[in-house]
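Please read this briefing alongside the sequence and the coordinates, following each topic in turn.

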Amino acid sequence: MPDTTEAVTTDIRSAVRAVWEAAWDRGEVDRLDELMTADFVRESAASGARWDLAAHKREILQIRAAFPDLSTTVEQLIIDGDDFAIFWSSTGTFAHDLGEVPATGTRVQTRGSNQGRLHDGRIAFERVTWDQSELLADLGVPSLRAALEPEPEASVVDDLSGAQREALKGFNRQFVTGVTVVTTTDAEGRPRGLAANSYASVSLDPPLVLVCVQKTSSTYPALFHSRHLGINILSTEQGDTLATFASREPDKFAHVDWRKGPQGSPLLDGSSASIEAEIKERFQARTHTVFIARVIHAEVTDRTPIVYKAGQFFDGSSLTEL
Ligand SMILES: Cc1cc2nc3c(=O)[nH]c(=O)nc-3n(C[C@H](O)[C@H](O)[C@H](O)COP(=O)(O)O)c2cc1C
């Protein structure tokens, strides 16, 4: 008499490999119906989030749309009675945007393991431990959920009381900054830009800078999808340029002289100083995105910078030293 337990185990082994490859490498997600029970549940070991089979299929298709050449290897498969563990790795080219995250065109590798329980020879439950670090370092997002799902609405608990809100506005008015024009190019190669005072130097080694941009800005989509940006510190000679870039005029660059940085970001003539940087991170902060970028090019002149405080602009050459 054949050992039926062994036969079932052998069936599951070949089914896992065949179905896994069909779903992840060819997008034939309905093949999962052969392997999973109808009430299948998938759970993230990291967040505890749960998906049903339909949501799991959608997730696979979303990931495959971003990584069309995805290739997955089941490295090890352990079955012990109704318990199982699958160890896998995947490689693919990040060719198309994933949620809001722009494609990088680079090849990435990620690996993980699924542990769970079988019911009548099918996977009824699996808990996924996925080391996303290599993949996410390339995507420039803190989590895959952030890439695939929109931010939740602001909650009431996050809001400041009226008096505290006014105090925060006052706090911001006390902070003295320069004014920059942040630039990039859109998908058609057209220059785009906006005035921003949210520039900050993050570190010199590595040479990182940041800027915060409102998602409603007309420049935002181009900036989010770009791999590079320019930051120009406006000089006292650029009052008109400031007015142009603080507006929503459709062709702001028609009014200024500019040239391309090494990666193609517009650098404005007459600025006090300009840098070009590669965008490395795009942190979601509800209404704004914090762009962190690595500087690849810097230019400095002796033109005096504009100084900005509490909604007013000042001449940076007439500051009184303490
Ligand atoms: C001094 C100053 C600083 C600004 N700083 C920022 C900023 O840091 N981030 C931002 O998103 N908008 C900032 N703005 C507002 C944008 O420049 C403004 O909304 C502009 O119209 C956006 O243009 P766009 O919609 O064509 O991109 C600033 C405006 C001024 C005048």
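In this predicted model, Asn114 is found in strand S5, which covers residues 107-119. Asn114 counts as buried because its relative accessible area is 1%, below the 20% cut-off that the term requires.

**Surroundings of Asn114**
- The side chain of Asn114 makes a polar contact with the side chain of Trp88, at 3.0 Å.
- Once neighbours within four places in sequence are left aside, the residues in contact with Asn114 are Trp20, Arg42, Phe84, Ala85, Ile86, Trp88, Glu126, Arg127 and Val128.
- Ile86, one of these contacts of Asn114, has its own set of contacts beyond four places in sequence, namely Val16, Trp20, Val74, Gln76, Leu77, Gly112, Ser113 and Asn114.

- In soluble globular proteins, nonpolar side chains tend to be buried together.
- The largest nonpolar core here holds 30 residues, and within this core Phe67 and Ile86 touch the most other members.
- At least two residues of this core come from each of helix H1 (4-26), helix H2 (32-35), strand S1 (36-44), helix H3 (53-66), strand S3 (71-80), strand S4 (83-93) and S5, and H1 gives the most, with six residues.
- A second, separate core has 16 residues, among them Leu194, Phe224, Leu229 and Ile231.

- Strand S8 (residues 180-185) is mostly covered, with six of its six residues buried.
- In a regular strand the side chains alternate between the two faces of the sheet.
- S8 and S9 form a hairpin with five residues between them, and Gly189 in the turn has a positive phi of about 85°.

**Salt bridges**
- Side chains of opposite charge can pair when their charged atoms come close.
- How many salt bridges does a search of the whole structure find? The search finds 19.
- Arg190 forms a salt bridge with Glu188, with the closest N and O atoms 3.1 Å apart; Arg190 is partly exposed at 49% relative accessibility, whereas Glu188 is exposed at 59%.
- Arg259 and Asp269 meet through their side chains in a salt bridge of 2.7 Å, N to O. This pair links distant parts of the chain, 10 residues apart, with Arg259 in strand S13 (residues 258-260) and Asp269 in the loop between strand S14 (266-268) and strand S15 (273-285).
- Arg259 also forms a salt bridge with Glu299, where the closest N and O atoms are 2.4 Å apart. Because Glu299 lies in strand S16 (residues 288-300) and Arg259 in strand S13, this pair ties together parts that are 40 residues apart in sequence.
- Arg259, with a relative accessible area of 31%, is partly exposed, as are Asp269 at 36% and Glu299 at 27%.
- A network of salt bridges links Glu21, Arg26, Glu28, Arg31 and Glu34.

Technical notes:
Residues are numbered from 1 along each chain as its sequence is written. This is a predicted model: local features need pLDDT of at least 70, side-chain atom pairs count only at pLDDT 80 or more; totals for chains, interfaces and linings use all residues. Side-chain values use heavy atoms; hydrogens and water are left out. Helices (H or I, at least four residues) and strands (E, at least two) are DSSP runs, numbered from the N terminus. Buried means under 20% relative accessible area, exposed over 50%, partly exposed in between (1.4 Å probe, protein chains only). A polar contact is a pair of N or O atoms within 3.5 Å; within protein, one must be able to donate a hydrogen and the other to accept it, and residues adjacent in sequence count only if both atoms are side-chain atoms. Contact means heavy atoms within 4.5 Å. A salt bridge is a side-chain nitrogen of Lys or Arg within 4 Å of a carboxyl oxygen of Asp or Glu. A nonpolar core is a set of buried Ala, Val, Leu, Ile, Met, Phe, Trp, Tyr and Cys residues joined through side-chain atoms within 4.5 Å. Two strands pair if DSSP finds at least two bridges between them.
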